[in-house]
Amino acid sequence: MGGGSAPGAIRGRSAIVAVGNTAQGTVPGISADELAVEALRVTLDGAGIAKSALDGLITCKSYGGFGIDTEIGRLAGLNPAYSATLDYGTCNFSLHLACAAIDAGLASTVAIVYGTTQRSDGNRFSHPLGRQDEASVYGFLNVAGPAAMAFRRHQHLYGTTEADLGRVAVSQRRYAEQNPLAIFREPLTLDDYLAQPYLVAPLRRADMCMISDGGACLVVASADRARELTDRPVHVMGIAQQTGLRDRQNADQWLRPWIRQVADRVYAGPASGGRRSTRSTSRTRPACGCCRCWSCTGSSSPAGWGRRSPRARSGTAGGCR
Amino acid sequence: MTADDTTFWAQARAGRLVFQHCAGCGYVRWPAAGVCPQCLGRGYEWKPVQPVGTVWSYAVYHRAYSAALKDAVPYNVALVELACGVRLLTRLVGEPAVGSRVEARFEEIGEHGVVPVFAPPPATA
Ligand SMILES: [Zn+2]
(Lines give C-alpha, C1' and ligand atoms only; values in the text may rest on other atoms or scores of the structure.)
Protein backbone atom coordinates (compact mmCIF):
# COMPACT_ATOMS: atom_id res chain seq x y z
CA MET A 1 0.00 0.00 0.00
CA GLY A 2 1.60 3.25 -1.07
CA GLY A 3 2.13 6.22 1.20
CA GLY A 4 -0.83 8.55 1.37
CA SER A 5 -3.28 5.96 0.11
CA ALA A 6 -3.76 4.25 3.45
CA PRO A 7 -7.35 4.55 4.58
CA GLY A 8 -7.59 6.90 7.50
CA ALA A 9 -4.20 8.51 6.91
CA ILE A 10 -4.78 12.20 7.51
CA ARG A 11 -1.35 12.57 9.05
CA GLY A 12 -1.69 16.05 10.44
CA ARG A 13 -3.03 17.85 7.38
CA SER A 14 -5.70 19.33 9.64
CA ALA A 15 -5.78 20.15 13.32
CA ILE A 16 -8.19 20.94 16.10
CA VAL A 17 -7.40 24.50 17.13
CA ALA A 18 -10.09 25.20 19.74
CA VAL A 19 -12.58 23.32 21.89
CA GLY A 20 -15.36 24.65 24.09
CA ASN A 21 -18.43 23.65 26.04
CA THR A 22 -21.32 25.59 27.54
CA ALA A 23 -22.73 24.73 30.95
CA GLN A 24 -24.06 21.16 30.94
CA GLY A 25 -26.95 19.56 32.76
CA THR A 26 -30.17 21.54 33.00
CA VAL A 27 -29.78 24.84 31.17
CA PRO A 28 -33.11 26.71 31.24
CA GLY A 29 -34.19 29.72 29.20
CA ILE A 30 -32.19 29.04 26.05
CA SER A 31 -33.03 27.16 22.86
CA ALA A 32 -30.99 24.26 21.48
CA ASP A 33 -29.72 26.33 18.56
CA GLU A 34 -28.86 29.26 20.86
CA LEU A 35 -26.85 26.82 22.99
CA ALA A 36 -24.94 25.74 19.89
CA VAL A 37 -24.11 29.39 19.14
CA GLU A 38 -23.19 29.97 22.81
CA ALA A 39 -20.75 27.06 22.49
CA LEU A 40 -19.29 28.72 19.39
CA ARG A 41 -18.96 32.04 21.25
CA VAL A 42 -17.14 30.62 24.30
CA THR A 43 -14.87 28.57 22.05
CA LEU A 44 -13.83 31.49 19.86
CA ASP A 45 -13.46 33.79 22.89
CA GLY A 46 -11.38 31.27 24.83
CA ALA A 47 -9.02 30.70 21.93
CA GLY A 48 -8.87 34.31 20.76
CA ILE A 49 -10.11 33.40 17.29
CA ALA A 50 -12.22 35.93 15.37
CA LYS A 51 -15.54 34.76 13.97
CA SER A 52 -14.40 36.16 10.61
CA ALA A 53 -11.68 33.48 10.53
CA LEU A 54 -14.35 30.82 10.00
CA ASP A 55 -15.20 29.71 6.48
CA GLY A 56 -16.93 26.43 7.31
CA LEU A 57 -19.81 25.31 9.54
CA ILE A 58 -20.86 21.76 10.37
CA THR A 59 -23.87 21.11 12.59
CA CYS A 60 -25.76 18.01 13.67
CA LYS A 61 -29.48 17.56 14.13
CA SER A 62 -30.49 17.47 17.77
CA TYR A 63 -33.57 16.32 19.66
CA GLY A 64 -36.76 18.12 18.64
CA GLY A 65 -35.70 18.99 15.09
CA PHE A 66 -33.01 21.52 15.99
CA GLY A 67 -29.40 21.75 14.86
CA ILE A 68 -29.88 22.62 11.17
CA ASP A 69 -27.02 24.65 9.65
CA THR A 70 -29.42 27.18 8.09
CA GLU A 71 -30.84 28.04 11.54
CA ILE A 72 -27.56 28.01 13.46
CA GLY A 73 -25.75 29.88 10.68
CA ARG A 74 -28.48 32.54 10.65
CA LEU A 75 -28.25 33.00 14.45
CA ALA A 76 -24.46 33.10 14.30
CA GLY A 77 -24.38 35.50 11.35
CA LEU A 78 -22.26 33.29 9.14
CA ASN A 79 -22.01 33.02 5.33
CA PRO A 80 -19.56 30.11 5.20
CA ALA A 81 -17.86 28.83 2.05
CA TYR A 82 -18.87 25.35 3.19
CA SER A 83 -21.71 24.19 5.40
CA ALA A 84 -23.38 20.89 6.18
CA THR A 85 -25.76 19.26 8.66
CA LEU A 86 -25.40 15.69 9.79
CA ASP A 87 -28.54 13.75 10.42
CA TYR A 88 -27.12 11.92 13.41
CA GLY A 89 -23.81 11.30 15.18
CA THR A 90 -21.69 14.18 16.31
CA CYS A 91 -18.04 14.12 17.28
CA ASN A 92 -16.67 11.42 14.98
CA PHE A 93 -18.53 11.92 11.73
CA SER A 94 -18.48 15.70 11.89
CA LEU A 95 -14.73 15.77 12.55
CA HIS A 96 -14.24 13.46 9.57
CA LEU A 97 -16.40 15.72 7.42
CA ALA A 98 -14.42 18.78 8.51
CA CYS A 99 -11.12 17.06 7.66
CA ALA A 100 -12.51 15.93 4.31
CA ALA A 101 -13.81 19.42 3.46
CA ILE A 102 -10.46 20.96 4.39
CA ASP A 103 -8.58 18.32 2.38
CA ALA A 104 -10.81 19.01 -0.62
CA GLY A 105 -10.10 22.74 -0.40
CA LEU A 106 -13.73 23.62 0.33
CA ALA A 107 -12.82 25.41 3.55
CA SER A 108 -9.79 26.13 5.70
CA THR A 109 -11.33 26.76 9.15
CA VAL A 110 -14.45 24.85 10.11
CA ALA A 111 -16.56 25.26 13.25
CA ILE A 112 -18.38 22.11 14.36
CA VAL A 113 -21.21 23.07 16.69
CA TYR A 114 -23.93 21.24 18.56
CA GLY A 115 -26.56 22.21 21.08
CA THR A 116 -29.39 20.37 22.77
CA THR A 117 -32.03 21.00 25.39
CA GLN A 118 -33.18 17.39 25.50
CA ARG A 119 -33.07 17.22 29.30
CA SER A 120 -35.36 20.24 29.70
CA ASP A 121 -37.48 18.96 26.80
CA GLY A 122 -37.96 15.60 28.53
CA ASN A 123 -36.33 13.22 26.07
CA ARG A 124 -36.40 9.86 27.83
CA PHE A 125 -35.00 7.78 24.97
CA SER A 126 -38.15 5.79 25.40
CA HIS A 127 -40.46 4.17 22.90
CA PRO A 128 -44.19 4.50 22.44
CA LEU A 129 -45.71 1.33 23.83
CA GLY A 130 -48.88 -0.22 22.54
CA ARG A 131 -48.19 -1.63 19.09
CA GLN A 132 -47.31 -5.30 19.27
CA ASP A 133 -43.55 -5.27 18.79
CA GLU A 134 -40.45 -6.41 20.64
CA ALA A 135 -40.23 -3.21 22.71
CA SER A 136 -43.82 -3.44 23.90
CA VAL A 137 -44.11 -7.19 24.32
CA TYR A 138 -40.81 -7.89 26.07
CA GLY A 139 -40.10 -4.44 27.58
CA PHE A 140 -36.97 -3.91 25.47
CA LEU A 141 -36.64 -0.18 26.18
CA ASN A 142 -33.74 2.25 26.48
CA VAL A 143 -30.29 1.93 24.96
CA ALA A 144 -29.20 0.36 28.25
CA GLY A 145 -30.83 -2.88 27.04
CA PRO A 146 -28.55 -3.65 24.09
CA ALA A 147 -25.57 -2.24 26.02
CA ALA A 148 -26.23 -4.59 28.94
CA MET A 149 -26.56 -7.54 26.57
CA ALA A 150 -23.33 -6.62 24.82
CA PHE A 151 -21.43 -6.42 28.11
CA ARG A 152 -22.79 -9.75 29.32
CA ARG A 153 -21.77 -11.30 25.99
CA HIS A 154 -18.29 -9.80 26.43
CA GLN A 155 -18.12 -11.35 29.91
CA HIS A 156 -19.08 -14.73 28.43
CA LEU A 157 -16.49 -14.54 25.64
CA TYR A 158 -13.56 -12.96 27.46
CA GLY A 159 -14.15 -13.41 31.19
CA THR A 160 -14.54 -9.65 31.73
CA THR A 161 -15.73 -8.80 35.24
CA GLU A 162 -18.07 -6.12 36.54
CA ALA A 163 -15.07 -4.62 38.35
CA ASP A 164 -13.31 -4.32 34.98
CA LEU A 165 -16.25 -2.35 33.64
CA GLY A 166 -16.46 -0.34 36.87
CA ARG A 167 -12.93 0.95 36.35
CA VAL A 168 -14.17 2.87 33.31
CA ALA A 169 -16.72 4.78 35.41
CA VAL A 170 -14.22 5.27 38.24
CA SER A 171 -11.60 6.71 35.85
CA GLN A 172 -14.09 8.99 34.16
CA ARG A 173 -15.22 10.25 37.56
CA ARG A 174 -11.64 11.14 38.43
CA TYR A 175 -11.46 13.30 35.31
CA ALA A 176 -14.87 14.81 36.10
CA GLU A 177 -13.70 15.81 39.58
CA GLN A 178 -11.23 18.15 37.87
CA ASN A 179 -13.68 19.52 35.31
CA PRO A 180 -15.76 22.47 36.57
CA LEU A 181 -18.38 21.80 33.87
CA ALA A 182 -18.88 18.14 34.79
CA ILE A 183 -22.20 17.15 36.35
CA PHE A 184 -21.13 14.23 38.55
CA ARG A 185 -18.05 15.37 40.48
CA GLU A 186 -18.31 13.52 43.82
CA PRO A 187 -15.53 10.92 44.21
CA LEU A 188 -16.45 7.39 43.15
CA THR A 189 -14.46 4.34 44.24
CA LEU A 190 -14.69 0.87 42.76
CA ASP A 191 -16.42 -0.27 45.96
CA ASP A 192 -18.94 2.57 45.59
CA TYR A 193 -19.53 1.46 42.02
CA LEU A 194 -20.03 -2.20 42.89
CA ALA A 195 -22.41 -1.23 45.73
CA GLN A 196 -24.74 0.57 43.30
CA PRO A 197 -27.88 -1.39 42.43
CA TYR A 198 -28.36 -2.63 38.88
CA LEU A 199 -30.48 -0.57 36.51
CA VAL A 200 -30.37 -3.00 33.62
CA ALA A 201 -28.13 -5.81 34.83
CA PRO A 202 -25.22 -6.10 34.47
CA LEU A 203 -25.16 -2.27 34.14
CA ARG A 204 -25.45 0.24 36.97
CA ARG A 205 -26.22 3.95 37.14
CA ALA A 206 -22.58 4.96 36.74
CA ASP A 207 -22.37 3.04 33.45
CA MET A 208 -25.02 5.26 31.87
CA CYS A 209 -24.59 8.80 30.65
CA MET A 210 -27.07 11.38 31.78
CA ILE A 211 -29.40 12.99 29.26
CA SER A 212 -28.36 16.62 29.49
CA ASP A 213 -28.74 20.06 27.98
CA GLY A 214 -25.61 21.72 26.67
CA GLY A 215 -23.58 22.93 23.75
CA ALA A 216 -20.18 21.97 22.39
CA CYS A 217 -17.89 23.28 19.68
CA LEU A 218 -14.67 22.29 17.94
CA VAL A 219 -12.77 24.43 15.48
CA VAL A 220 -10.78 22.47 12.91
CA ALA A 221 -8.32 24.10 10.53
CA SER A 222 -5.85 23.16 7.84
CA ALA A 223 -2.33 22.69 9.22
CA ASP A 224 -1.27 26.02 7.70
CA ARG A 225 -4.18 27.95 9.19
CA ALA A 226 -3.77 26.12 12.48
CA ARG A 227 -0.29 27.58 12.92
CA GLU A 228 -1.75 31.07 12.61
CA LEU A 229 -4.65 30.42 14.99
CA THR A 230 -2.98 28.71 17.96
CA ASP A 231 0.37 27.68 19.32
CA ARG A 232 -1.16 24.43 20.52
CA PRO A 233 -2.80 22.66 17.58
CA VAL A 234 -3.86 19.04 18.02
CA HIS A 235 -3.16 17.45 14.67
CA VAL A 236 -5.53 14.81 13.38
CA MET A 237 -3.29 11.89 12.45
CA GLY A 238 -5.84 9.29 11.36
CA ILE A 239 -9.56 8.98 10.84
CA ALA A 240 -11.70 5.99 9.92
CA GLN A 241 -15.27 4.88 10.20
CA GLN A 242 -17.34 1.78 9.60
CA THR A 243 -21.08 1.75 10.05
CA GLY A 244 -23.15 -1.32 10.90
CA LEU A 245 -26.06 -0.23 8.72
CA ARG A 246 -27.19 -3.83 8.26
CA ASP A 247 -28.26 -3.42 11.86
CA ARG A 248 -29.84 -6.43 13.54
CA GLN A 249 -29.27 -8.64 10.51
CA ASN A 250 -25.59 -8.58 11.53
CA ALA A 251 -24.08 -11.24 13.75
CA ASP A 252 -22.89 -9.62 16.98
CA GLN A 253 -24.51 -6.28 16.10
CA TRP A 254 -24.38 -5.00 19.65
CA LEU A 255 -20.74 -5.93 20.21
CA ARG A 256 -19.91 -3.56 17.35
CA PRO A 257 -17.16 -5.63 15.70
CA TRP A 258 -16.51 -2.70 13.33
CA ILE A 259 -14.63 -0.88 16.07
CA ARG A 260 -11.73 -3.25 15.51
CA GLN A 261 -11.67 -2.56 11.77
CA VAL A 262 -11.76 1.17 12.51
CA ALA A 263 -8.90 0.81 14.99
CA ASP A 264 -6.80 -1.09 12.44
CA ARG A 265 -7.19 1.72 9.93
CA VAL A 266 -6.93 4.65 12.33
CA TYR A 267 -3.71 3.35 13.86
CA ALA A 268 -2.37 2.48 10.42
CA GLY A 269 -2.88 6.11 9.36
CA PRO A 270 -0.22 7.88 11.42
CA ALA A 271 2.60 5.42 10.68
CA SER A 272 5.14 6.49 8.10
CA GLY A 273 4.07 5.48 4.62
CA GLY A 274 0.68 4.50 5.93
CA ARG A 275 1.75 0.97 6.73
CA ARG A 276 -0.04 -0.91 9.45
CA SER A 277 1.39 0.02 12.80
CA THR A 278 1.23 -1.09 16.38
CA ARG A 279 0.18 1.24 19.14
CA SER A 280 3.77 1.91 20.08
CA THR A 281 4.79 3.09 16.64
CA SER A 282 1.74 5.34 16.56
CA ARG A 283 3.18 7.07 19.63
CA THR A 284 6.35 8.13 17.92
CA ARG A 285 6.72 11.81 17.20
CA PRO A 286 4.69 12.63 14.13
CA ALA A 287 6.04 14.56 11.17
CA CYS A 288 3.78 17.49 11.96
CA GLY A 289 6.17 18.67 14.63
CA CYS A 290 3.43 18.81 17.23
CA CYS A 291 4.86 17.81 20.55
CA ARG A 292 1.95 18.25 22.93
CA CYS A 293 -0.62 15.76 21.73
CA TRP A 294 -0.88 12.49 23.64
CA SER A 295 0.66 10.51 20.85
CA CYS A 296 3.95 12.31 21.17
CA THR A 297 4.09 13.20 24.85
CA GLY A 298 4.48 9.51 25.54
CA SER A 299 1.50 9.30 27.86
CA SER A 300 -0.15 5.95 27.59
CA SER A 301 -3.50 7.13 26.31
CA PRO A 302 -5.60 10.17 25.45
CA ALA A 303 -7.00 9.80 28.96
CA GLY A 304 -3.79 11.44 30.10
CA TRP A 305 -5.46 14.72 29.17
CA GLY A 306 -7.82 14.30 32.05
CA ARG A 307 -5.12 14.54 34.66
CA ARG A 308 -4.29 18.09 33.71
CA SER A 309 -6.27 20.95 35.05
CA PRO A 310 -8.86 21.80 32.43
CA ARG A 311 -8.51 25.48 33.34
CA ALA A 312 -4.87 25.40 32.39
CA ARG A 313 -5.87 24.41 28.88
CA SER A 314 -8.84 26.67 28.59
CA GLY A 315 -9.55 27.89 25.12
CA THR A 316 -7.08 25.72 23.29
CA ALA A 317 -7.64 22.24 22.02
CA GLY A 318 -7.85 19.88 24.94
CA GLY A 319 -9.36 22.52 27.20
CA CYS A 320 -12.95 22.33 28.28
CA ARG A 321 -14.29 25.83 28.67
CA MET B 1 -46.43 -3.34 3.92
CA THR B 2 -43.72 -5.99 3.46
CA ALA B 3 -41.88 -4.75 6.58
CA ASP B 4 -45.03 -5.66 8.48
CA ASP B 5 -44.44 -8.24 11.21
CA THR B 6 -48.08 -8.88 12.16
CA THR B 7 -47.91 -12.35 10.55
CA PHE B 8 -45.12 -13.28 12.97
CA TRP B 9 -47.21 -12.31 16.01
CA ALA B 10 -50.44 -13.80 14.65
CA GLN B 11 -48.78 -17.16 13.94
CA ALA B 12 -47.07 -17.08 17.34
CA ARG B 13 -50.50 -16.90 18.98
CA ALA B 14 -51.19 -20.22 17.25
CA GLY B 15 -47.89 -21.68 18.55
CA ARG B 16 -45.88 -21.37 15.32
CA LEU B 17 -42.58 -19.57 14.76
CA VAL B 18 -42.64 -18.17 11.21
CA PHE B 19 -40.35 -15.76 9.33
CA GLN B 20 -40.02 -14.37 5.81
CA HIS B 21 -38.00 -16.79 3.65
CA CYS B 22 -36.48 -15.08 0.59
CA ALA B 23 -37.92 -16.39 -2.70
CA GLY B 24 -34.61 -15.66 -4.42
CA CYS B 25 -31.96 -17.06 -2.11
CA GLY B 26 -33.73 -18.65 0.85
CA TYR B 27 -32.31 -16.18 3.40
CA VAL B 28 -34.51 -15.88 6.47
CA ARG B 29 -35.31 -12.20 7.21
CA TRP B 30 -35.78 -10.75 10.67
CA PRO B 31 -36.72 -8.06 11.55
CA ALA B 32 -39.31 -8.16 8.80
CA ALA B 33 -38.22 -6.24 5.70
CA GLY B 34 -39.39 -5.48 2.19
CA VAL B 35 -36.03 -6.39 0.64
CA CYS B 36 -33.62 -9.30 1.20
CA PRO B 37 -30.31 -7.88 2.56
CA GLN B 38 -28.44 -10.75 0.83
CA CYS B 39 -29.73 -10.81 -2.77
CA LEU B 40 -31.82 -7.58 -2.76
CA GLY B 41 -34.83 -9.53 -4.02
CA ARG B 42 -38.28 -8.58 -2.80
CA GLY B 43 -40.17 -11.87 -2.96
CA TYR B 44 -40.68 -13.95 0.16
CA GLU B 45 -42.94 -16.44 1.87
CA TRP B 46 -43.76 -16.72 5.59
CA LYS B 47 -42.70 -20.23 6.61
CA PRO B 48 -42.10 -21.99 9.94
CA VAL B 49 -38.59 -22.62 11.25
CA GLN B 50 -37.19 -25.08 13.77
CA PRO B 51 -37.99 -23.39 17.11
CA VAL B 52 -34.56 -24.01 18.67
CA GLY B 53 -31.56 -21.79 19.30
CA THR B 54 -28.80 -20.58 21.58
CA VAL B 55 -28.84 -17.65 24.01
CA TRP B 56 -26.57 -14.88 22.63
CA SER B 57 -27.04 -12.72 25.74
CA TYR B 58 -29.69 -11.28 28.02
CA ALA B 59 -30.31 -8.23 30.18
CA VAL B 60 -32.30 -8.00 33.39
CA TYR B 61 -34.35 -4.82 33.78
CA HIS B 62 -34.56 -3.61 37.37
CA ARG B 63 -35.78 -0.19 36.26
CA ALA B 64 -39.18 0.27 34.61
CA TYR B 65 -38.62 2.60 31.65
CA SER B 66 -42.40 2.83 31.20
CA ALA B 67 -45.16 3.12 33.78
CA ALA B 68 -46.75 0.06 32.14
CA LEU B 69 -43.78 -2.05 33.28
CA LYS B 70 -43.78 -0.96 36.94
CA ASP B 71 -45.14 -4.28 38.18
CA ALA B 72 -43.10 -6.35 35.74
CA VAL B 73 -39.58 -5.55 37.07
CA PRO B 74 -37.29 -7.35 37.42
CA TYR B 75 -37.71 -9.07 34.05
CA ASN B 76 -35.29 -10.31 31.42
CA VAL B 77 -34.99 -9.64 27.71
CA ALA B 78 -32.80 -12.00 25.69
CA LEU B 79 -31.43 -12.30 22.18
CA VAL B 80 -31.65 -15.89 20.93
CA GLU B 81 -29.79 -17.07 17.81
CA LEU B 82 -32.09 -19.52 16.08
CA ALA B 83 -30.79 -22.50 14.13
CA CYS B 84 -32.13 -20.81 10.94
CA GLY B 85 -29.83 -17.81 11.53
CA VAL B 86 -32.43 -15.36 12.83
CA ARG B 87 -31.60 -13.42 15.99
CA LEU B 88 -34.79 -12.97 17.94
CA LEU B 89 -35.50 -10.73 20.94
CA THR B 90 -37.48 -12.69 23.49
CA ARG B 91 -37.99 -13.58 27.15
CA LEU B 92 -36.19 -16.47 28.84
CA VAL B 93 -38.05 -18.77 31.19
CA GLY B 94 -36.05 -20.49 33.94
CA GLU B 95 -32.44 -19.78 34.87
CA PRO B 96 -30.92 -17.73 32.00
CA ALA B 97 -27.40 -18.52 30.75
CA VAL B 98 -25.42 -17.17 27.79
CA GLY B 99 -24.61 -19.92 25.31
CA SER B 100 -27.27 -22.30 26.58
CA ARG B 101 -29.54 -24.26 24.24
CA VAL B 102 -33.16 -23.17 24.35
CA GLU B 103 -36.39 -23.91 22.55
CA ALA B 104 -39.53 -21.90 21.94
CA ARG B 105 -42.59 -22.05 24.12
CA PHE B 106 -45.69 -20.01 23.62
CA GLU B 107 -46.93 -18.20 26.71
CA GLU B 108 -49.09 -15.28 27.64
CA ILE B 109 -47.27 -12.07 28.58
CA GLY B 110 -49.51 -9.31 29.94
CA GLU B 111 -51.90 -7.67 27.49
CA HIS B 112 -50.09 -9.03 24.43
CA GLY B 113 -51.56 -12.51 24.56
CA VAL B 114 -49.56 -15.58 23.61
CA VAL B 115 -46.04 -14.75 22.39
CA PRO B 116 -42.83 -16.76 21.92
CA VAL B 117 -40.60 -17.20 24.98
CA PHE B 118 -37.63 -19.54 25.25
CA ALA B 119 -36.69 -22.17 27.82
CA PRO B 120 -34.15 -24.98 28.18
CA PRO B 121 -35.35 -28.14 26.44
CA PRO B 122 -36.93 -30.73 28.77
CA ALA B 123 -34.22 -32.86 30.42
CA THR B 124 -33.48 -35.97 28.38
CA ALA B 125 -32.32 -38.49 30.96
ZN1 LIG C 1 -32.47 -13.21 -0.89
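Glu186(A) is partly exposed in this predicted model, with a relative accessible area of 46%. Its salt-bridge partner is Arg173(A), and the closest N and O atoms of the two are 3.6 Å apart. Arg173(A), by contrast, is buried, because its relative accessible area of 13% falls under the 20% limit. As for where the two residues sit, Arg173(A) belongs to helix H6, residues 162-177 of chain A, while Glu186(A) lies in the loop between H6 and helix H7, residues 190-195; the pair therefore ties together parts that are 13 residues apart in sequence.

That bridge belongs to a wider set. A search of the whole structure finds 13 salt bridges over all chains. In general terms, side chains of opposite charge can pair when their charged atoms come close.

Arg227(A) forms a salt bridge with Asp224(A), with 2.8 Å between the closest N and O atoms. Both residues lie in helix H8, residues 223-229 of chain A, and because they are 3 residues apart there, about one helical turn separates them. Are these two residues buried or exposed? Arg227(A) is exposed, and Asp224(A) is exposed as well.

Chain B supplies my next example. Arg105(B) forms a salt bridge with Glu107(B), and here the closest N and O atoms are 3.7 Å apart. Arg105(B) is partly exposed, at a relative accessible area of 37%. Glu107(B) also counts as partly exposed, at 30% relative accessibility.

Beyond these pairs, there is a network to consider: Glu38(A), Arg41(A) and Asp45(A) are joined into one by salt bridges that share partners.

This leads me to helix H1 of chain A, which covers residues 32-47. H1(A) has 16 residues and reaches 23 Å from its first C-alpha to its last, close to the 22 Å expected at 1.5 Å a residue. Which residues of H1(A) are buried? Among them are Ala32(A), Leu35(A), Ala36(A), Ala39(A), Leu40(A), Val42(A) and Leu44(A), together with Asp33(A) and Thr43(A).

One last detail concerns the residue just after H1(A). Gly48(A) takes a positive phi there, of about 70°.

Notes:
Residues are numbered from 1 along each chain as its sequence is written. Chains are lettered from A and ligands numbered from 1 in the order in which they are written. This is a predicted model: local features need pLDDT of at least 70, side-chain atom pairs count only at pLDDT 80 or more; totals for chains, interfaces and linings use all residues. Side-chain values use heavy atoms; hydrogens and water are left out. A salt bridge is a side-chain nitrogen of Lys or Arg within 4 Å of a carboxyl oxygen of Asp or Glu. Helices (H or I, at least four residues) and strands (E, at least two) are DSSP runs, numbered from the N terminus. Buried means under 20% relative accessible area, exposed over 50%, partly exposed in between (1.4 Å probe, protein chains only). The expected span of a helix is 1.5 Å times one less than its number of residues.
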